[in-house]
Amino acid sequence: MAARPNTIWGNFLSPVVRFLMDEDKWRRYAQSIDWEKESDRFRRTDVIIPSYYNHQNFHGIEGGYLNSSAAVSYDPITEYALPPNETWVRQALIDAVKVQPRRILDLGCGTGSTTLMLKQAFPQADVIGLDLSPYMLIRAEDKAKIEGLDISWRHGNAETTSFPDASFDLVTASLLFHETPVVVCQTILQECFRLLVAGGQVLILDGSQKSLRQLDWLNDIFEEPYIREYAADSVDARMGAVGFEAVRTEEVWWIHQVSSGVKPIPVKDGTTQAKVRQHIPAIDNNNLEGLESPAFGITA
Ligand SMILES: C[S@@+](CC[C@H](N)C(=O)[O-])C[C@H]1O[C@@H](n2cnc3c(N)ncnc32)[C@H](O)[C@@H]1O
């Protein structure tokens with residue numbers, strides 16, 4: 001876990017996390033995998049890596065996410081980076097789900113911590129986790145196997161996923177937006193809008209923009225290159241700008257937030273209804289049931 005020196009993370013927090021984590025366990029895990037061979041199972045040649053992504057360090061780890069070290073160290077670091085408790089924070093996203101989803105896409109899924117919780121909460125739903133890093137997907141797949149969860153993992157860019165229009169009832173992203181420039185957040189929200197059925201829901205879990213603005217020093221801790229522009233921005237406003245309705249952001253444990261938006265359902269007089277669609281297969285077959293689902297025929 002190489003950390004940049006002369007930062008709060010490099011000087012103070014990284015040594016503490018190293019002390020708390022079982023480094024031998026993670027070293028053994030890292031050595032047990034042929035990362036290049038396994039990442040080739042996920043890697044898609046049509047995925048173009050954006051420059052904002054591979055020219056930055058994230059979380060003080062040099063080289064970004066396109067390496068095994070990021071995949072191995074992500075969970076032990078994140079456990080301490082989401083106070084007061086990682087599971088409680090992620091649960092806030094699950095609790096905000098208002099649809100009865102049959103198809104869920106988790107963008108920037110990383111090592112799959114939220115994706116696994118989505119599958120556990122909605123076992124009947126088909127769930128896909130998508131990430132730009134095939135190394136993160138190796139770790140995510142491993143965790144799902146251990147939990148006996150059937151989740152599809154897909155190498156891809158959240159800005160342009162190549163899934164067909166209206167493929168999902170629920171699209172989520174946790175801890176993705178503070179790691180992308182705000183123009184990329186906007187493009188991702190546009191993609192969410194395209195991917196959702198009418199009445200479908202988007203949910204974004206991330207740092208509280210309000211608290212990050214008030215506590216600017218927090219932005220220095222984890223060496224996040226885009227966190228200041230994220231803090232100055234508004235996920236609500238960006239959701240509204242791409243057409244989501246019933247947009248609202250709730251603070252979670254003060255330093256996190258969950259933002260929700262609904263893709264409006266067009267009604268006959270040309271207006272829209274900002275109601276989430278309750279997908280109950282027995283009575284609702286006018287939208288998804290007859291729809292081919294190429295999204296779920298895809299293997300990585
Ligand atoms: C901070 S991690 C969050 C991982 C996971 N969602 C979580 O909650 O722990 C950010 C993840 O987003 C991925 N990522 C960043 N930009 C992306 C993009 N444009 N498309 C897909 N994944 C992206 C990174 O590879 C990384 O795994």
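Visitor: How many helices and strands are in the protein?
Guide: There are 13 helices and 9 strands. Keep in mind that this is a predicted model.

Visitor: What is the mean pLDDT of the protein?
Guide: The mean is 85. Of the residues, 80% reach 70 or more.

Visitor: And where does pLDDT stay under 50?
Guide: Residues 1-5 are one such stretch. The model gives them 18 contacts beyond four places in sequence. Residues 279-300 are also below 50. That stretch has 27 contacts beyond near neighbours in sequence.

Visitor: How should predicted coordinates be read where pLDDT is low?
Guide: They should not be read in detail.

Visitor: OK, the sheet. In what order do the strands come?
Guide: The order is β3-β2-β1-β4-β5-β7-β6. Those 7 strands form an open sheet, and the pairing is mixed.

Visitor: Which are the edge strands?
Guide: β3 (152-155) and β6 (245-252). Each pairs on one side only.

Visitor: By how many degrees are neighbouring strands turned against each other?
Guide: By 15 degrees on average, with direction ignored.

Visitor: Do β1 and β4 run parallel or antiparallel?
Guide: They run parallel, joined by 4 bridges. Asp106 stands opposite Thr172 in β4.

Visitor: Now helices. At what angle do α3 and α8 pack?
Guide: At about 90 degrees, with the axes 8 Å apart. Helix α3 covers residues 35-42. The two helices are therefore roughly perpendicular to each other.

Visitor: Which residues make the contact?
Guide: From α3, Trp35, Glu38, Ser39 and Phe42. From α8, Pro134, Tyr135, Leu137 and Ile138.

Visitor: How many of the contact residues are nonpolar, polar or charged?
Guide: The contact of α3 with α8 has 6 nonpolar residues, 1 polar and 1 charged.

Visitor: What about α7, which residues are buried there?
Guide: Helix α7 spans residues 113-121. Its buried residues are Ser113, Thr114, Thr115, Leu116, Leu118 and Lys119.

How values were computed. Residues are numbered from 1 along each chain as its sequence is written. This is a predicted model: local features need pLDDT of at least 70, side-chain atom pairs count only at pLDDT 80 or more; totals for chains, interfaces and linings use all residues. A residue is buried if 20 or more other C-beta atoms lie within 10 Å of its own, exposed if 12 or fewer, and partly exposed in between; C-beta atoms are placed from the backbone. Two strands pair if DSSP finds at least two bridges between them. Axes are lines fitted to C-alpha atoms, for helices over the stretch in contact, and angles run from 0 to 180 degrees between N-to-C directions. Angles under 35 degrees count as roughly parallel, over 145 as roughly antiparallel, 65 to 115 as roughly perpendicular and the rest as oblique. Two residues are in contact if their C-beta atoms, placed from the backbone, lie within 7 Å. Ala, Val, Leu, Ile, Met, Phe, Trp, Tyr, Cys and Pro count as nonpolar, Asp, Glu, Lys and Arg as charged, and the others, Gly among them, as polar. pLDDT is the predictor's confidence in each residue, from 0 to 100.
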